[in-house]
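User: I would like to learn how to read side-chain and pocket features in a structure. Can we work through one case?

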Amino acid sequence: MKKLIFPFLLLFFTGCKTGRKTPDVSNISISVHIERFDQALFAIDTNHVEQGLLDLGRQYPYFINDYAVNILGTAPLSDTSVQAYFAFRKFISSYMPVKDSLDIKFGSFGGMAPIEKGLQKGFQYIHYYFPKYNLPPKVVAYIGPFDAPGVALTRYTLAIGLQLYAGKQFPFYLSSQGQELFPVYISRRFEPEYVVPNCMKALQEDIFPDQSQGKPLIEQMVEKGKSWWLTDQLLPEMADSLKTGFTEKQLTWCLANEGQIWNYFLDQNLYSLEPDLIKNYIGDAPYTQGMPDASPGNIGQWVGWRIVQKYASLHPDLSPEQLMKTPDRTIFDETRYKPK
């Protein structure tokens with residue numbers, strides 16, 4: 001693969017506007033309260049874990065077994081759940097230092113209040129654009145093993161795994177074991193500020209499941225770009241760096257070199273079905289192979305995002321639902337994307 005070399009231009013170009021007016025959703029009555037399953041779990045006396053778990057189950061009947069089975073990987077709770085009792089006791093004891101660190105981190109962040117406020121606004125936009133979608137009746141915070149998800153949707157909850165938001169300098173993330181799980185280009189996003197955009201991405205993917213599998217490169221780029229575009233509609237006031245996961249410097253680099261990035265893609269096979277080629281341009285990576293080190297990984301999704309932004313500007317009357325259902329090839333063909 002040839003190496004793309006071009007200078008990093010310092011000029012910062014503004015993003016493509018969609019010509020859409022952000023709706024006023026303040027009159028939509030939605031409130032968000034995050035249930036602190038994590039606090040209740042770690043308040044259990046490990047000398048009396050059986051009784052503690054029975055009490056926890058009565059307090060969180062809608063989450064306790066999802067947590068036991070899908071997070072801890074143990075058996076569902078019952079009066080004879082010896083395996084589950086042992087797993088909970090071991091986890092509480094070993095992860096207590098993590099819980100203490102998270103208390104400090106989220107205390108300095110302002111606790112759950114900023115997250116509740118951000119989710120409330122996002123939920124209002126979801127209800128405005130997709131009134132038939134059933135929002136999760138509960139939002140729950142939990143602490144799980146480090147390989148558990150940072151956000152999970154269960155039948156009754158939107159569950160937030162705080163163990164992946166302890167701050168980029170958290171010792172475990174920087175350890176050899178942590179780096180095997182989460183290289184720095186991933187763990188740098190393990191800050192509380194990413195909770196809200198990650199939650200909204202999980203919800204929008206529930207509304208519009210990813211349809212990119214098996215499609216040619218350019219259609220996968222557009223499909224992924226539609227996801228970021230929808231995030232823009234649901235979190236219009238949030239920084240692009242939080243919504244995309246790119247650093248501000250990476251976003252500036254992409255915008256300053258947009259035309260050359262696209263010229264590079266034109267030299268590739270945009271209709272390739274080759275998994276390795278597609279993987280090089282879509283998905284997390286420290287940078288894009290074949291491009292300068294200043295480039296971000298996942299640059300294909302960024303290009304797709306720009307294509308969708310232009311398409312939206314050409315069709316300002318399309319609702320988000322209509323745009324998300326528009327075929328990826330149609331969006332690409334009609335846009336005639338050709339940045340300078």
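User: What should I know about the model and its numbering?

Analyst: This is a predicted model, in which local features need pLDDT of at least 70 and side-chain atom pairs count only at pLDDT 80 or more, while totals for chains, interfaces and linings use all residues. Residues are numbered from 1 along each chain as its sequence is written, and side-chain values use heavy atoms, with hydrogens and water left out.

User: How many aromatic pairs are there, and by what rule?

Analyst: Rings of Phe, Tyr and Trp (its six-membered ring) pair if their centres lie within 6.5 Å; planes under 30 degrees apart count as stacked, over 60 as edge-to-face and the rest as tilted. The count here is 30 aromatic pairs. In one of them, Tyr 129 and Phe 130 have ring centres 6.3 Å apart and planes at 55°, so the pair is tilted. Both Tyr 129 and Phe 130 are buried, where buried means under 20% relative accessible area, exposed over 50%, and partly exposed in between (1.4 Å probe, protein chains only).

User: Which class does the pair of Tyr 173 and Phe 190 fall in?

Analyst: The centres of the Tyr 173 and Phe 190 rings are 5.0 Å apart and the planes stand at 75°, so this pair is edge-to-face. The pair links distant parts of the chain, 17 residues apart: Tyr 173 is in helix α6 (residues 171-174), and Phe 190 is in the loop between α8 (184-187) and α9 (195-207). Helices (H or I, at least four residues) and strands (E, at least two) are DSSP runs, numbered from the N terminus. Tyr 173 is buried at 0% relative accessibility, and Phe 190 is buried at 8%. Ring pairs also join Tyr 173 and Phe 190 into a cluster with Phe 42, Phe 91, Tyr 95, Phe 146, Phe 170, Phe 172 and Phe 182.

User: How is a pocket defined, and what lines the largest pocket?

Analyst: On a 1 Å grid over the protein atoms alone, a cavity is a set of points where a 1.4 Å probe fits but cannot get out, and a pocket is an open set with protein on both sides within 12 Å along at least five of seven lines; lining residues have an atom within 4 Å of a point. Grid points are joined across faces, edges and corners, and a volume is the space filled by probe spheres set on the points. The largest pocket holds about 1,100 Å³. It is lined by 46 residues, of which Lys 201, Glu 205, Trp 228, Asp 284 and Gln 301 are the closest to its centre. Elements giving two or more residues to this lining are α8, α9, α10 and α11 (240-244), and α10 gives the most, with 6 residues. By type, the lining has 21 nonpolar, 13 polar and 12 charged residues.

User: What does the side chain of Thr 244 contact?

Analyst: Two terms come first. A polar contact is a pair of N or O atoms within 3.5 Å; within protein, one must be able to donate a hydrogen and the other to accept it, and residues adjacent in sequence count only if both atoms are side-chain atoms. Contact in general means heavy atoms within 4.5 Å. Thr 244 is in helix α11 and is buried, with a relative accessible area of 8%. A polar atom of the Thr 244 side chain lies 2.8 Å from the backbone oxygen of Asp 240, and one lies 3.1 Å from the backbone nitrogen of Phe 246. Leaving out residues up to four places away in sequence, Thr 244 touches Lys 201, Trp 228, Leu 251 and Trp 305.

User: Is Glu 219 buried or exposed, and which side chain does a polar contact join to it?

Analyst: Glu 219, in helix α10 (residues 217-234), counts as buried at 13% relative accessibility. Its side chain and that of Arg 329 are joined by a polar contact of 2.8 Å.

Conventions: Ala, Val, Leu, Ile, Met, Phe, Trp, Tyr, Cys and Pro count as nonpolar, Asp, Glu, Lys and Arg as charged, and the others, Gly among them, as polar.
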